[in-house]
Amino acid sequence: MMNNLFSIFDPSTNILNLSLNWMSTLIGMMFIPFSFWLIPNRHFLIWKFIIMKLHSEFKILLNSEKNKGSTLIFISLFSFILFNNFLGLFPYIFTSTSHLTISLSMSLSLWLSFMMFGWINNSKHMFIHMIPQGTPSILMPFMVLIETISNIIRPGTLAIRLTANMIAGHLLLTLLSSTGNSMSNYFLFFLLTVQILLLILESAVAIIQSYVITILSTLYSSETN
């Protein structure tokens, strides 16, 4: 039962022993040509509004008045996670963000770049950040240890947060759908209603998680400036 349950997350489609499920990660690229239309449609106008709101918010968090392009990487990160989370809700589309291979690769690469930039260019600021202001002298070694551990586990917490939230909803939908064959028509209608509500909830989770991951990455980046 458990093997069949978790098999929905296996990248099982392959040709010549090449796993093609990961190609679904690039499906979001199909939405990019909308920006080149002569007369933008409503979907593009809504997406442009979301991007501009994110840009204004990230610019405040990053204090990037002079370098306006610094928000581009985080808007791209939000778009990538959002597209993959949403596409995973469609039948027969592989959810790449439910695997640590994708989520940990993203979070670890971002964290490493933030740490390298901070320690190379702003070493004094990074040392000061290790000890909060007003910390008693006797507690300073413990605060340095705690801050070091909290910095090291950041990429893992980001990756696990995204992966766990994507897996939980898909598992719940799969568990409920597997019980439909043994139900009467009355309970089957109730099951469909519950699944529709769960699908709406999962759509909200897909948006919220992409926003949370991006905001946390932005905050981690602002600490190195």
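Colleague: At which residues does UniProt place the feature "transmembrane region"?

Modeller: This is a predicted model, where local features need pLDDT of at least 70, side-chain atom pairs count only at pLDDT 80 or more, and totals for chains, interfaces and linings use all residues. Residues are numbered from 1 along each chain as its sequence is written, and side-chain values use heavy atoms, with hydrogens and water left out. UniProt positions follow the numbering used here, feature names are shortened, and annotations may be inferred rather than shown by experiment. The unreviewed entry places the feature at residues 20–39, 72–94, 100–120, 158–176 and 188–212.

Colleague: How many Å apart are the end C-alpha atoms of residues 188–212?

Modeller: Helices are DSSP runs of H or I with at least four residues, strands are runs of E with at least two, and both are numbered from the N terminus. Residues 188–212 are 100% helix and 0% strand. Their end C-alpha atoms are apart by 35 Å.

Colleague: Which residue forms a salt bridge with Arg-154?

Modeller: A salt bridge is a side-chain nitrogen of Lys or Arg within 4 Å of a carboxyl oxygen of Asp or Glu, and the whole structure holds 1. Arg-154 lies in helix H7 (residues 154–178) and its partner in the segment after helix H8 (185–222), so the pair ties together parts 69 residues apart in sequence. Arg-154 is buried, at 11% relative accessible area (buried is under 20%, exposed over 50%, partly exposed in between; 1.4 Å probe, protein chains only). With the closest N and O atoms 2.9 Å apart, the partner is Glu-223.
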